[in-house]
Every structure is written in structure tokens, then in C-alpha cells.
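Here are my notes on the model you sent over, point by point. I have kept to the chain contacts, plus a look at how one chain is divided up.

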Amino acid sequence: MSDLKPRYDLAVIGAGPAGLAAATLAAQRGLSTVLLDEQRAPGGQIYRAVTQTPVKNPSVLGSDYWHGADLVGPFRDSGADYAPGSTVWSVSRSLDIGLSRDGAARVLPARHIILATGAIERPFPIPGWTLPGVMGAGAAQILLKTSGLVASGNVVLAGTGPLLWLLAWQYLRAGARIDVILDTTPRENWRQAMPHMGAFARSGYVAKGLKLLLEVRRKVKVIGNVTSLKAEGDGRVQSVLYRQGDGAEQRLPADTLLLHHGVIPNINLANATGCAQNWDEAQRCWVPTVDAWGATSVEGVSIAGDGAGIGGALAAEHRGRLAALDALHRLGVLDRATRDRDAAPHREALDKAQRGREFLDTLYSPAKDFRVPQDETIVCRCEEVTAKQVRDAVKLGVSGPNQTKSFLRCGMGPCQGRLCGPTVVEVIADARGVSPAEVGYYRLRPPVKPITLAELASLPKAEDEIAAVMHH
Amino acid sequence: MTQTTRSDYDVAVIGGGLVGSAIAWGLAQHGQKVAILDEGDIAVRPSRGNFALVWVQGKGLGLPEYAGWTKRSADNWTGFSAQLREQTGIDVCYERPGGFLPLLSEAEMEHRANQLKRLHNQPNVVRYDYEMMDRAAVAKEMPFIGKDVVGASYCPLDGHCNSLKLLRALHTGISLSGVAYLPNHRVERIEQREGGFRMVTASGEVRSGKVVIAAGHDGRRLAPMVGLDAPVRPERGHIIVTEKTAPFLKFPVGFIRQTDEGGVMIGDSFEDVGLDTTVRNGVTSTIADRAIRIFPLLGKLNVVRTWAALRVLTPDGFPIYEQSTSMPGAFVATCHSGVTLAANHALALAPHIAAGGLPDEFTAFSARRFHVPAAA
Amino acid sequence: MFQRLPNASGERVSFTIDGRAAEALSGDSVAAALIANGVQTCRATPVSGAPRAPYCMMGVCFDCLVTIDDVGNQQGCLVRVRPGMRVETQNGKREIER
Ligand SMILES: Cc1cc2nc3c(=O)[nH]c(=O)nc-3n(C[C@H](O)[C@H](O)[C@H](O)COP(=O)(O)OP(=O)(O)OC[C@H]3O[C@@H](n4cnc5c(N)ncnc54)[C@H](O)[C@@H]3O)c2cc1C
Ligand code: FES
């Protein structure tokens, strides 16, 4: 861990593939660079704990995971400062970063900022998803990578998307047992995805993906076309109820239920900074609006990686390098022609990494019933607000999530809407019969992560800021 | 589109914030057919960002009628909240334990004592109890005050509520009373029509017999269209709220209070910045610092949200209630303390608007007070 | 219910859960350490008192809140377990004194 300088040319927030690649390139080219991350070790979500995982057998986590080590090595040698355990709770338009480290807050100015805060699992609101024993599949994967922990007893996986299958494969490799996979991929997705098959077939993923799928299907029972899911139990999950197509409800015993239906950008920091955002219909989520270099509507703030739209780990790495080159250009180190020339190989690599994305997005697009839950389902875990309450507010004339927030406290809890925002938007859009694009999203403010009042009180204050409070 | 000269509503209330909804609620209780024309999800809307005090002490220095109006509303609040609960099932959590304004130096003590003395010495001012308390007296009620607290002013009439529940209760109430709530109807123009008014909005036209402008900051633009004046300006205020905490603070303490849900709200700041609601960390930091001086215990709590909202301020800070003389049937209502005054807006103002005119007691609140020609 | 892979290696860390002695691996977060020790519920919500346990393991959901060394509402999944640490599960709202 390095001591922080008073200011930096470039601050990169998030030490996943995008952030590691961006910080490495920028530091190698001479920018004073700092990489901030709330985790204690580099890697982000995909390469979580790559430098220190207790899972030493390399075949369990797979070669794609170990690629993370190829990013961490050069980063360590790049000369960039690294500040793990640093939670960034604010980025201002004047490029001041509010961060909290070991219980002390401070403000760190930078000349350019790259947000590389990545993705979060898309909320998967089903009845009973708040019960202990129900978790994200991504969460289970983190437990495996960081601690060598696997679910035991009756284990059920449910949902759709590459990560679900990858976790199943890693579990099997580790010798863990999975009872059943409940596949919620809607049937019609296959038909819609077919036109994109060609591009996907030419991507590097096909052979690897098929092999993985076949290996899992050989060893685990997979129930397809699952159209409804419910977790039940007294104080913790004990069983999972599901329906196949329009068949009768079935019950399975479960000690652990791992849910997943894709990831979405983690937009809270960009949103609170004031970066413009738009609704992405294909990925069904709000994304910050960026140009080909990741630049946002806020001067001096760019976004690299999944935080600017889901593209996957390899794409994130290349997007990180492109954002870094653009930062070098904006800070006067590279002229435009040099930036463009140096970017060419990264752009090519990015195109290649993104090939086949449409196919995956379409095939694994989550079914409506799992995005727009039934009345009794809790949508806001923090304030325990149900879908019915949101629908009732719409009946009173509420047209967007900022109004449901003030009417229902939905989105006001500590998670600041991360786990209810996407669902609330979908429920309101559905109830009003309009697109989520028209419904909008929460308007967020700093701090995007909790800090103590004492930390807040310790920050530097300008004279006019003091006067604004004291003049009475 | 079919042309009709008939009015769609008895009254159109422009603005669905606390002021507009309280008036609309009151009008509906008097049998009026009402529509509220409001903006959409994102709007400059202090009704969603306020501090939820029902506060009496210190109000009305310079306009004794305002001290009386405020006290009357606070007195009406108990019945008003009971009525809302009965109608909608929503408890807006109104409580009146009395309120403290903590003071951090002898100079602040003296300034506050003088201010209150001058307020209560005004001719014809309403009478009520208040008290300057020294540190020991404050510590008796709240032993956990910080060492910097020198004393406080206290008034038993002060209280607080949950203003988000208030807004929801009002909206639920108006919906139950048949009021049409029309979101995404930002009013562009108001025109007088034979026997009424025509509002041109973002989503079509609305006709009504009477119109009430309760559009907060936009009143400044709308009022002149019907021969009225609402010279309001925005003043930015920051608010901090902490995580839910087990109840420890019974009283609203100036700019610090604990909500029924457990969060501690801390808010105070006064900036003239136009319609900008950006949060400044240096301002929230100053507020946090002062709050910790008053209650050191607060330092450990996590801040979960901050925001900035824009007070609707007239030049002297007092409300404007007025009916148009050139276009009878048009009214304006605007004020800063929409929570405190909600009870009066619903119970004491709306009935007059329903009846068609404001009595003399409202003359003091006319915007004509800003038109006094400068002394030669 | 989770169990450690038999060949998961690492340094052992001793700490306490609600006053009882417990062990974890040095890379564990507090949330992982609770799970490894069979703790099924780490808190009851301040709204309804419903039981909760870690859901996201990446700092997003706030369902892993626990009291660590007398400080309430800490995100267990973001804090690494340390020798001698005192971890307590939470019941409802945080107390102002801690
Ligand atoms: C920081 C802060 C703290 C406060 N604390 C307190 C307190 O403790 N106690 C208290 O009593 N008061 C407090 N207030 C004041 C209280 O919030 C306001 O008095 C109240 O919200 C004002 O209500 P309003 O309806 O006039 O305006 P708003 O709430 O702004 O509502 C105006 C409505 O009109 C709509 N509108 C605007 N223009 C148009 C148009 N052209 N067409 C259609 N619709 C339109 C807007 O969208 C909005 O919905 C506080 C305010 C602030 C900013
Ligand atoms: S488990 Fe979700 S924040 Fe810790």
C-alpha cells in the first residue's frame, strides 16, 4: 500500500481489468497515477483475490481467471500508486475525489478521473429472495475465490447467463455438489438470438462455452424453461418452488439457492457525479452515456469497463487502455494523431473481444416475469417495499422512481437503490405502459457509500461553504 | 379535439407539492371539483426535500400576523393529522414534544434572547410560552449534549412529523376525495376565459372556474399571467440523513431531529445559487461539524444520504396569499414553511378559496407589501 | 451452509462471534468468516425484524451488516477479519452508543 500524494494527474477508481489496464498504461506513459479500490487486493470481481486465493489448484477457477495475474504484474511494475481499502464516496465536477480509508475521510484532487467501478449482479426479485441462504451466484463465486468456500447440503442454482454456468462448472471442478440448475432462459430468446449466431460463432467463445455447458449438463440435472421461482423457509431458505412452462408448481429441498440473471453497470458514482445516462434496451439497464473513448458528459471524467455498459472482462481491459490514452491526450501528453495511432491495436482487440456480444445479450436477456415481479415480492430489500406498493403509488399518479422514493422510501436505504432501482423502473414502466427510458432513474447524490458523520465533518471547508451554514 | 366552453373543474391547483396538495385536499372536503396540475418525476420540489418541522418559535419578527398564523396552524396540526389518518390510514407521525434551538456561545445566546424578546414585544402579537434555558436545564432533558452547548431557546409548541408520509397522505386523501391529479402537466400559460381560466400545459389544456397558483418557484412566472405577483427566489439548503438508529432523541433540536424511522436528519444552510441542487461536500461537512459539537454521539453514525433542496423565499421570508383583483377567481399561495402551514392551508385557507374570496385577515399577506414606493 | 474446500490453504485467524471463539483464514472477509463458521443470520432488519444474511458479497446489498469491535452497521463483506476481532450479529436498529 502506498502513501498517497497530495494530487494526481490521473485517478482510476476500481481495480478490476479496466482499472488495472488503464492505470498501468497511464503510469507507464508518465502520468502520476493512483488506483483506488475498496477491496483489499487487486482484481475486481472477475479476478477477485487472484494474488492470494486459497484455491491453489489452477484447474478449479480456470485459465480465464488466472489471466488476471497477467494484469496485476505489469501494474505493480508500472509506478502507479495503489490504495486498496479506499472507498470513493464522491467525485465532484471539479474533479475532487472524496474517499474514505481506514475510517478517515479525505479529498483527493486529480486532473482526470477514470471510473472503472464495473458491474453488479442484476437484482433478481422473487418471493423469498431476502431469506438467509439465498444469494447471488456471483456472491458464491466470490466466496469460492477469496475463501475456498462452497455451498453444501442441497444446492440449487437458478437463472440464466454465462456466469451461472461458469459458477456451476467451477463448483464441479472443486468437487462441490449441485442438486439442480433451474434454467430460466426464455424459449423465445433462442429464436431472437439466432440472427446473431454468425458473429458469435466467429468469436473465441464458442468452443470454450460449449465445452463448459456440456460438462455441466453431463453432471448436473438441468430443468429448462422455468417460468416462476419462489424461495420458502422458516428463518432461512428450506425449499425452492418453481414452475416449468405453464406446468404445475414443483418443490425442491434447498439449503442454498444461488440466483443469477446477468449483470448491469454499477452506475451510482457516475450518476451522483452528474454524468448523463441513457436506457440500453438490448441490455435492459441504465448506462452512463460515453463516447468511443469512454468520456462522459462531465469534463475530465471517463468510464472504462462494464460500468459504461456490459462488455465482459477482456473488453474491459481494452476499454481501460483506450480511456487511458484519451486521458493522456486530454492532459496534453499525446497529440490526437499519436493517441489514435497508439489506440489502433487496442481498438482492434476490443472489436474482437466484443464479437458475439449481441448473441449473448439476446439469448440471456432475463424474462419479464423475473424483471417485473408479482405483487407480494419485495423489490426494495432495505426498506422492505413490495411491487404492489409501487403499483399502488403509480395509481396515485406517480410517474417515476424519484416520486416512489419519496412516497415509499423505496431506494432510501443504505444500498441507495442499487438493488431496487432497476426493478422499480421496470415495474413503473410496465404499470404505465411506457418504456423505462421514459420513466427515468433515481437521482443520486454523494456520499454513494456511507461515511461517518465524523469523517464528513473532518473534510476541508471553503470560507463560503462555512458562511453558507453560519450566516444565521 | 372537441371545443367546449364548459369548465372541466371548479378549481385548478397548479403545483402538487405540499402547499398545492394541502389546498386541494381542503377544497375537496368542501365539495369542490378539483384538479392538480403538476410536473413529472424530476422537478424542483422542496416538498420532497424538506426538514419536516412544525415549528413556531422565532417566527413572525417583522410581521406579527405571521406569528399568529403559524401558531394557529401548529394548533390545528393535531386535528389535521388525525383527519388524514382516519381518511387514508396513513399516520404522518406528528408529535409535539416542544423544540430546542441549541446555542453554542454567549453571543449566540444573547442574540437569540433579543430576537425573541423583540418578536414577542410587537403590538398585537399572539401570546405563547417560550423559554431561554441555560446549559444545566438543557442537559436535564438531554444529558448527552456536547461541551460547547451554552444553552438553548425552548418552545413547547414546536413539533415535527414525517413530511414524506404527509405528502403521501395528502395524495392518497385527494385521490380518495375524487381530485384529479395530473402529473406531467407543467403549465405553460394561464388565460382568462369567460367565467373561468384556461391552462395550457405540456399535456394539453385544462379549464376551470378558479385557479390557485401553488407552483413553488414557478409562481414567479405564473402569477403575473393572472394579475398577481409572487416575487420568490430559491435558497439552497443541504440536508444529511444517517442510518436508522434506536430512538435516543425525543425532541426536534433546531436543525437536528430523529425521524420516526430512526434516521437522524441534520440540515441547515442558506445559499443563493439559482435552481442548482448540487450537493457541496464542504457545506455538508460544516453542518456535520456543528451537529457533532451539539451531540458528540452523532459522530459515529453513518451518513446514508445527503441532498440539497431549494426553499421558496419571498423578499421578507413571509408567505404570500392573495386573490387577483383584475381577474377574480385567481389566487396565489406561496410560503417557505409548507409543512408547518399545511394544517392551515387545508383547514383555514382552502374554505375561503372554495367560497370565492379571501377575508380581510389575509390582507397582511398580500404581495402589495413589496410595492411600497421607496421613500423619497 | 458452506464448507471449506479440503485443500484450501492459508494462515488461521482467531476471532470471536457473539463472544464465542471462532477461526477463519487470513484472506476471509468478516462475512465469509461468519459463513465459514456456520452463522446463518447476521442481522435482523430495522424495518420488520426479518432475518438476513450476506447476499452480494461485494459491498452492494448491505445485508451483511454486523457490529465489529463495538462499531455497529459495518459491511462485513468489505472488512477483512483480523486476529482478536470481536464480531457481533445485529438485532434491528443500531444503538447510538456503539
Ligand atoms: C432545506 C429545506 C428545509 C425545509 N424545512 C421545512 C420545515 O422544517 N418545516 C416546514 O414547514 N417547511 C420546511 N421547508 C419548506 C417546505 O418544504 C416548503 O414550504 C414546501 O415544500 C413548499 O411547497 P410548494 O408546494 O409551494 O412548492 P413545491 O414543493 O416546490 O411544489 C411545487 C410543485 O409545483 C410543480 N410546478 C411547478 N411549476 C409548475 C407548472 N408551471 N405547472 C405545473 N406544475 C408546476 C412542481 O413540480 C412541484 O410539484 C423546507 C424547505 C427546504 C428547501
Ligand atoms: S453482502 Fe452485500 S454488502 Fe456485504
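1. Start with one residue pair: A:Leu149 stands opposite C:Arg4 in β1(C). The two strands involved are β9(A) and β1 (residues 2–4) of chain C, which pair in the antiparallel sense over three bridges. Strands here are DSSP runs of E with at least two residues, helices are runs of H or I with at least four, and both are numbered from the N terminus. Two strands count as paired if DSSP finds at least two bridges between them.

2. A word on the ground rules. This is a predicted model, where local features need pLDDT of at least 70 and side-chain atom pairs count only at pLDDT 80 or more, while totals for chains, interfaces and linings use all residues. Residues are numbered from 1 along each chain as its sequence is written, chains are lettered from A and ligands numbered from 1 in the order in which they are written, and side-chain values use heavy atoms, with hydrogens and water left out.

3. Now the wider A–C interface. It brings 48 residues of chain A into contact with 36 residues of chain C, contact meaning heavy atoms within 4.5 Å. Together the two chains bury about 3600 Å², 59% of it on carbon and sulfur atoms. Buried area is the accessible area (1.4 Å probe) that two parts lose on being put together, summed over both. On the chain A side, A:Leu149 turns up again: along with A:Arg381 and A:Glu384 it loses the most area to chain C, the three making up 15% of what that side buries.

4. How many salt bridges cross between chain A and chain C? The rule finds one, and A:Arg381 makes it with C:Asp63, the closest N and O atoms being 2.7 Å apart. (The rule asks for a side-chain nitrogen of Lys or Arg within 4 Å of a carboxyl oxygen of Asp or Glu.) Polar contacts between these chains come to 14 residue pairs, both residues at pLDDT 80 or more. A polar contact is a pair of N or O atoms within 3.5 Å; within protein, one must be able to donate a hydrogen and the other to accept it, and residues adjacent in sequence count only if both atoms are side-chain atoms.

5. Which elements of chain A do the touching? α4(A) gives the most, with six residues. By class, that side has 25 nonpolar, 12 polar and 11 charged residues. For the classes, Ala, Val, Leu, Ile, Met, Phe, Trp, Tyr, Cys and Pro count as nonpolar, Asp, Glu, Lys and Arg as charged, and the others, Gly among them, as polar.

6. On to chain B, where 48 residues are in contact with 42 residues of chain A. This pair of chains buries about 3900 Å², with 58% of it on carbon and sulfur atoms. B:Asp41, B:Phe270 and B:Arg305 lose the most area on the chain B side, together 16% of what that side buries.

7. Four salt bridges link chain B and chain A. In one of them B:Arg280 meets A:Glu465, with the closest N and O atoms 3.4 Å apart. α7(B) gives the most to the side of chain B that touches chain A, with 12 residues. That side divides into 20 nonpolar, 15 polar and 13 charged residues.

8. β23 (residues 451–452) of chain A and β15(B) pair in the antiparallel sense over two bridges, and A:Ile451 stands opposite B:Val303.

9. Last, inside chain B. An automatic or database domain assignment gives domain 1 (8–50 + 164–231 + 316–366), domain 2 (99–156) and domain 3 (233–313). The centres of domains 1 and 3 are 29 Å apart, taken over C-alpha atoms, and each of these two domains puts 13 residues into their contact. About 970 Å² is buried between them, 63% of it from carbon and sulfur atoms. Two salt bridges are counted between domains 1 and 3. B:Lys165 also forms a salt bridge with B:Glu261, the closest N and O atoms being 3.8 Å apart.
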